[in-house]
4 protein chains.
Amino acid sequence: VVVNLASVERPIINSKSMETLEDFENALDENDESLTSGMIYAYAAISQKCGYVNFTPAVTADVPALEQLAKRNGVVLAGKDGKTGQTLYKTVLASMFQKRGLKVEGWYSTNILGNRDGEILNDQEHVKSKISTKQGVLPSILKYDDFVHQVHIHYYPPRGDLKEAWDNIDFTGWFGVKMQMKVNWLGCDSILAAPLVVDLVRWVHFLQGLGMSGNVKELGSYFKAPVGLEENDFFDQWLLLRSLN
Amino acid sequence: VVVNLASVERPIINSKSMETLEDFENALDENDESLTSGMIYAYAAISQKCGYVNFTPAVTADVPALEQLAKRNGVVLAGKDGKTGQTLYKTVLASMFQKRGLKVEGWYSTNILGNRDGEILNDQEHVKSKISTKQGVLPSILKYDDFVHQVHIHYYPPRGDLKEAWDNIDFTGWFGVKMQMKVNWLGCDSILAAPLVVDLVRWVHFLQGLGMSGNVKELGSYFKAPVGLEENDFFDQWLLLRSLN
Amino acid sequence: VVVNLASVERPIINSKSMETLEDFENALDENDESLTSGMIYAYAAISQKCGYVNFTPAVTADVPALEQLAKRNGVVLAGKDGKTGQTLYKTVLASMFQKRGLKVEGWYSTNILGNRDGEILNDQEHVKSKISTKQGVLPSILKYDDFVHQVHIHYYPPRGDLKEAWDNIDFTGWFGVKMQMKVNWLGCDSILAAPLVVDLVRWVHFLQGLGMSGNVKELGSYFKAPVGLEENDFFDQWLLLRSLN
Amino acid sequence: VVVNLASVERPIINSKSMETLEDFENALDENDESLTSGMIYAYAAISQKCGYVNFTPAVTADVPALEQLAKRNGVVLAGKDGKTGQTLYKTVLASMFQKRGLKVEGWYSTNILGNRDGEILNDQEHVKSKISTKQGVLPSILKYDDFVHQVHIHYYPPRGDLKEAWDNIDFTGWFGVKMQMKVNWLGCDSILAAPLVVDLVRWVHFLQGLGMSGNVKELGSYFKAPVGLEENDFFDQWLLLRSLN
């Protein structure tokens with residue numbers, strides 16, 4: 001099983017060369033620059049019939065060409081962007097607000113991190129991939145999208161290998177009464193990611209052995225942007241995972 | 001349907017007079033002081049075949065004598081202690097920590113509130129009832145009890161009708177790496193409670209009409225200390241509620 | 001006394017037309033676009049011998065041409081950018097860290113606000129003026145500049161007329177032990193600004209009556225970027241103010 | 001110079017034996033239990049003409065008998081209760097609120113700590129000494145006392161050698177508009193205390209060499225409850241310290 005744990009790549013612009021496997025392989029032969037390193041590594045893994053996990057927000061195996069190859073080769077795919085910290089608790093708390101009928105009016109999230117991951121996210125292009133996976137999670141849980149949702153990420157060297165997140169959630173109850181919830185998270189991404197990576201390697205190996213192939217939506221609880229699954233509610237995702245047993 | 005929304009009462013000390021319905025009625029005839037106002041109101045409600053909801057942490061209908069009467073009279077009971085704010089999100093976040101294998105080492109919770117509810121909780125005896133329902137929720141979710149759990153409540157008049165809660169959660173990941181999560185909640189108990197009360201009245205009326213009686217564990221997601229249900233995980237409780245449909 | 005309380009303007013680019021009063025008046029005659037509305041209002045005020053207060057971060061009376069006119073006309077100037085909330089407490093806490101020999105390694109500040117002020121700050125050009133006055137305050141207090149200082153401002157409509165700030169301060173003590181302080185401020189800018197504006201009008205009127213003119217550095221404690229004063233430490237500024245008595 | 005850095009002692013009850021030096025020495029001869037260990041160590045230090053610093057909240061040299069002995073022996077005293085963390089920033093922020101005319105309506109402070117100091121503070125009697133020095137600081141700074149001030153300390157083993165403090169400050173501006181400031185402090189008491197202790201040893205040695213004796217109020221900025229000084233405002237205390245130069 002190959003796991004992509006690299007720093008985030010820039011968003012892809014032109015996706016024509018990734019539509020079919022033939023397009024992809026032609027593009028590869030022509031050194032087409034629209035193919036990213038992440039895709040090429042994914043192609044290599046899938047060609048070798050290795051299960052493939054995309055733990056990053058980059059577009060890699062989640063293009064039609066590679067999904068086609070995975071199906072053909074009997075390879076299990078899982079992705080993308082490990083749900084380790086802020087997005088994890090957001091998809092938990094949003095579920096609570098929805099189930100209690102409390103209307104979220106605004107959700108402001110900011111992150112500071114200090115290592116090489118942070119440095120790369122400091123690039124205005126790279127950070128777009130990351131913010132896009134973090135940004136999309138709330139509407140499918142809340143079942144509405146008339147609220148303000150902001151996600152900011154800042155490279156802040158004093159935080160070192162740790163990551164700090166701060167959230168402010170504005171919500172209203174009956175009679176429009178305004179209430180607030182705030183969260184401060186002092187985590188360590190590597191430590192939070194490691195057991196998920198090990199779990200995923202085991203799952204992918206096990207499911208491929210059962211004859212599954214392509215994206216496995218049942219593994220969605222591990223990811224910020226689960227490929228092939230609309231659901232971002234952590235608990236609904238958890239029930240899906242349990243259904244594998 | 002009768003709903004108890006009174007301020008918290010002191011914990012009961014001697015429960016002998018509540019063991020059987022006969023004991024209870026004898027105690028009532030003798031003006032036995034161990035029967036609390038809450039119990040007497042519950043008795044009156046159940047005798048009149050009114051559904052009964054205990055939204056407070058006090059011991060009221062949750063004594064064998066009154067459960068017996070409820071069964072006999074075909075009365076639905078629901079309780080106890082509405083799960084509106086801090087305990088609600090604690091039973092949501094604890095579930096997340098458990099499902100991600102993150103070991104909670106300590107959970108420090110404090111509350112400040114300024115209205116009459118706060119004033120009564122300022123009494124060292126009354127507050128015990130409240131802290132006991134707030135204190136018990138974590139072990140059944142986390143599936144272990146080797147952690148420090150503190151819950152404090154303080155009467156703080158400047159907060160007025162609002163309630164503020166602050167939590168600090170210490171948890172560890174692989175290699176014992178220490179991490180922290182902190183929550184600050186600025187809520188309004190009445191506004192959070194009101195829709196739950198209306199829901200409960202509808203549920204109790206509806207379920208009694210279906211022929212149910214006694215404590216309904218499926219309503220556990222509404223309560224801090226659900227009578228007849230060991231489970232405090234909000235999402236497991238939610239699945240139970242959905243099973244009523 | 002004229003007070004500028006308008007929303008922030010974009011930073012000025014070319015300042016050649018503001019070097020001398022003659023340049024300024026020529027530019028005015030030629031409708032030179034490098035003169036901003038704020039400057040023209042300031043010019044009008046000073047010409048009429050009205051004391052002038054710049055409560056905004058924009059460059060208005062703080063150009064040589066207008067300072068020259070103020071001196072000539074016996075007009076007192078005060079500015080700029082009212083120190084009402086986050087910057088106020090930052091210039092207080094920074095003084096504490098400095099006096100206790102605690103080394104600040106990083107200071108991350110973020111702000112959310114929802115009214116028209118916020119909307120204008122949402123413009124990438126306008127916000128630069130604001131961030132520049134907020135950004136400059138720490139080194140003169142701490143007496144060093146080898147630390148990371150970030151200031152972010154976001155337009156967040158759910159916050160309405162209120163303003164929320166969040167700060168994280170990383171500091172070290174002996175043996176490099178890392179410590180943190182975090183601040184969350186829930187304020188209302190108009191209410192915080194109003195008494196300062198009234199104070200300033202009184203001071204400017206009073207000092208102009210005493211025969212003073214030009215920028216009065218003793219009024220520095222009211223401002224984020226006091227014109228003519230290097231000192232940003234709130235308490236040193238306070239001693240200066242007291243020296244006026 | 002002798003420095004008392006022991007854990008906090010219980011408050012003294014009967015102070016008759018400490019009124020004069022003669023009373024004290026008689027009590028000592030009779031093994032009178034109202035004399036605490038802290039007092040006896042202080043007596044030993046002062047008798048040996050050693051400068052004496054009380055870094056703890058206990059009553060030790062701050063009784064008439066020992067102040068008399070210190071004066072007679074030319075011994076400098078400094079105390080009491082090192083101002084290292086929460087009380088330090090409170091006496092800084094309170095000064096800001098007072099100088100800006102912002103009315104403090106409530107100040108709720110809580111502390112969690114996990115080491116032996118915390119364990120001893122867990123004793124309901126010992127903690128009283130500590131809370132009393134922490135509780136008294138605000139009115140002299142704010143110049144009024146019609147506000148609610150709560151200070152809580154809890155022994156919370158997961159925090160280990162570190163100390164966490166959380167404050168909520170409710171204040172009002174014009175028209176009674178309510179605002180809030182919240183502080184979260186993650187400090188390490190030993191690291192914060194160490195340089196203060198070294199400073200104090202130097203100061204006491206230096207001032208005793210200049211011929212001073214008894215309590216030196218100019219050292220008040222180092223302490224939560226400066227003996228002989230009414231002033232708790234950190235910046236006024238700082239000006240006093242500077243006046244020694």
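## Terms and basis

A residue is called buried when its relative accessible area is under 20%, exposed when that area is over 50%, and partly exposed in between, as found with a 1.4 Å probe on protein chains only. The model is predicted: local features need pLDDT of at least 70 and side-chain atom pairs count only at pLDDT 80 or more, whereas totals for chains, interfaces and linings use all residues. Residues are numbered from 1 along each chain as its sequence is written, chains are lettered from A and ligands numbered from 1 in the order in which they are written, and side-chain values use heavy atoms, with hydrogens and water left out.

## A loop residue of chain D

D:Leu210 is exposed, with a relative accessible area of 57%. D:Leu210 lies in the loop between α8 (189-209) and β8 (214-215) of chain D; helices (H or I, at least four residues) and strands (E, at least two) are DSSP runs, numbered from the N terminus.

## Helix α1 of chain A

In helix α1 (residues 21-29) of chain A, the buried residues are A:Leu21, A:Phe24 and A:Ala27. They fall within an arc of 125 degrees seen down the axis of α1(A), so they line one face of the helix; the arc is that of the directions from the helix axis to the C-beta atoms. The face turned away from the buried side of α1(A) carries the exposed residues A:Glu22 and A:Asp29.

## Strands of chain D

Strand β5 (residues 148-155) of chain D has 7 of its 8 residues buried. D:His152 in β5(D) is the bridge partner of D:Thr110.

Key
Two strands pair if DSSP finds at least two bridges between them.
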